[in-house]
Structures are given as structure tokens and as C-alpha cells.
Amino acid sequence: MQTVEEYISHLAVPQRVVALRLQELIDEALPEAAVRIWHGHPVWMAVDVPVAGFKAYPRYVSLLLWGGKQVSDPSGRLEASVGSTDLASVKVASVEEIDDDLFRDWLVQTAALT
């Protein structure tokens, strides 16, 4: 079974840098969550319920927030997922696009929903 570290190590450098920062932020905000590869990408779970994760694409990494549609987002950056009742995400092409305080707030809000 692939680990999160192995998943990240196979990414191109721009996505790897973004994924490493997202991993740090999620680990910080969700210290009690169990992380595993779920449906092919890293997901942090609370009692087998997905809370947050990320998925790499050729030009960006998506931060995934289950329950994200219920999160307060004054920035307007979160995009509601079509076909999912609660999933919202944000596409991150470079580490400079990560607003640590904003992303932490989203993660804390999402964790509180579980």
C-alpha cells in the first residue's frame, strides 16, 4: 500500500512543494485524524469519515474539504463540488497561493463538522 510520502515523492516539483505544505497544514489542524491513501490520494479521516485531503493534477493540487460547502469562506476561493453534497475544494498551482491562516481556518471549521 502506498504511503502519503510515496504519493508526494512521485509528484513533479511544483506539485510536490504544494503537497508538502498542504500536508503540514492538515497535520497541524487535524492532529487526531488518521491519514491514509483513499481512492488514490491522501485523505485525513476522523473515525473513518473523510475530513480533508489533497489530490495532484498536472498543473495544480486540489485541497479537498468534506463538509467544505458548510465552511465560511469570505475569500470566495472554495469551489463547491458538483455531484457531492458537502465536498468543496480549492486549486493550488504554487505554494505562494496558500494563505496559511485562511487554509487553517477552513480546516478547523471542517474538522468541527465531524
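Q: Which residue stands opposite Ala-34 in strand 2?
A: Ala-34 stands opposite Met-45. A quick word before going on: this is a predicted model. Another such pair in these two strands is Val-35 and its bridge partner Trp-44.

Q: What makes strand 1 and strand 2 a pair?
A: Two strands pair when at least two bridges are found between them. Strand 1 and strand 2 (residues 41-46) are joined by five bridges, so they pass that cut-off. The two strands run antiparallel.

Q: How do you know that strand 1 (34-38) and strand 5 are edge strands?
A: Start with the sheet they belong to: an open one of six strands, in the order 1-2-3-4-6-5, with antiparallel pairing. Strand 1 and strand 5 each pair on one side only, and that is what puts them at the edges.

Q: How many bridges join strand 5 to strand 6?
A: There are two bridges between these antiparallel strands, and at least two are needed for a pair. As an example of residues that face each other here, Ala-80 stands opposite Ala-88 in strand 6. On to strand 4: strand 4 and strand 6 pair in the antiparallel sense over five bridges, with Lys-91 of strand 6 as the bridge partner of Ser-62.

Q: Why is Ala-52 called buried?
A: Its relative accessible area is 0%, and buried means under 20%, so Ala-52 is buried. Ala-52 has its place in strand 3. Beyond its neighbours within four places in sequence, Ala-52 is in contact with several residues, including Ile-26, Leu-30, Val-43, Leu-64 and Leu-107. As for Pro-42, which is ten residues from Ala-52 along the chain, the two C-alpha atoms are separated by 8.6 Å.

Q: Is Thr-110 buried or exposed, and what makes it so?
A: Thr-110 has 0% relative accessibility, so it counts as buried. Thr-110 lies in helix 3 (residues 100-112). With neighbours within four places in sequence left aside, Thr-110 is in contact with Val-51, Leu-65, Trp-66 and Val-71.

Q: What makes His-39 stand out in its hairpin?
A: His-39 takes a positive phi near 55 degrees in the hairpin of strand 1 and strand 2, which has two residues between the strands. Most residues other than glycine have a negative phi. For His-39 the phi is positive in a residue other than glycine. His-39 is also exposed, because its relative accessible area is 64% and the cut-off for exposed is over 50%.

Q: Why does Val-47 count as exposed?
A: Val-47 has 78% relative accessibility, so it counts as exposed; the cut-off is over 50%. Val-47 lies in the loop between strand 2 and strand 3. Its phi is positive, about 50 degrees, although Val-47 is not a glycine.

Q: What makes a group of residues here a nonpolar core, and how many residues has the largest one?
A: Such a core is a set of buried residues of nonpolar kinds, joined through side-chain atoms within 4.5 Å. The largest nonpolar core has 30 residues, and among those with the most contacts inside it are Leu-22, Phe-54, Leu-63 and Phe-103. Helix 1 (4-9), helix 2 (13-29), strand 3 (49-56), strand 4, strand 6 and helix 3 each supply at least two residues. Helix 2 gives the most, with six residues. Leu-22 touches Phe-54, Val-61, Leu-63, Ile-98 and Phe-103, not counting residues up to four places away in sequence. Apart from this core lies another of five residues, among them Val-43, Met-45, Leu-64 and Leu-87.

Q: What lies around the largest pocket, and which residues are closest to its centre?
A: The largest pocket holds about 180 Å³ of space. It is lined by 15 residues, and the closest to its centre are Tyr-57, Leu-64, Ser-81, Leu-87 and Ser-89. Strand 4 (61-65), strand 5 (79-80) and strand 6 (88-92) each give two or more residues to the lining. By class, the lining has seven nonpolar, five polar and three charged residues.

Conventions. Residues are numbered from 1 along each chain as its sequence is written. This is a predicted model: local features need pLDDT of at least 70, side-chain atom pairs count only at pLDDT 80 or more; totals for chains, interfaces and linings use all residues. Side-chain values use heavy atoms; hydrogens and water are left out. Helices (H or I, at least four residues) and strands (E, at least two) are DSSP runs, numbered from the N terminus. Buried means under 20% relative accessible area, exposed over 50%, partly exposed in between (1.4 Å probe, protein chains only). Contact means heavy atoms within 4.5 Å. On a 1 Å grid over the protein atoms alone, a cavity is a set of points where a 1.4 Å probe fits but cannot get out, and a pocket is an open set with protein on both sides within 12 Å along at least five of seven lines; lining residues have an atom within 4 Å of a point. Grid points are joined across faces, edges and corners, and a volume is the space filled by probe spheres set on the points. Ala, Val, Leu, Ile, Met, Phe, Trp, Tyr, Cys and Pro count as nonpolar, Asp, Glu, Lys and Arg as charged, and the others, Gly among them, as polar.
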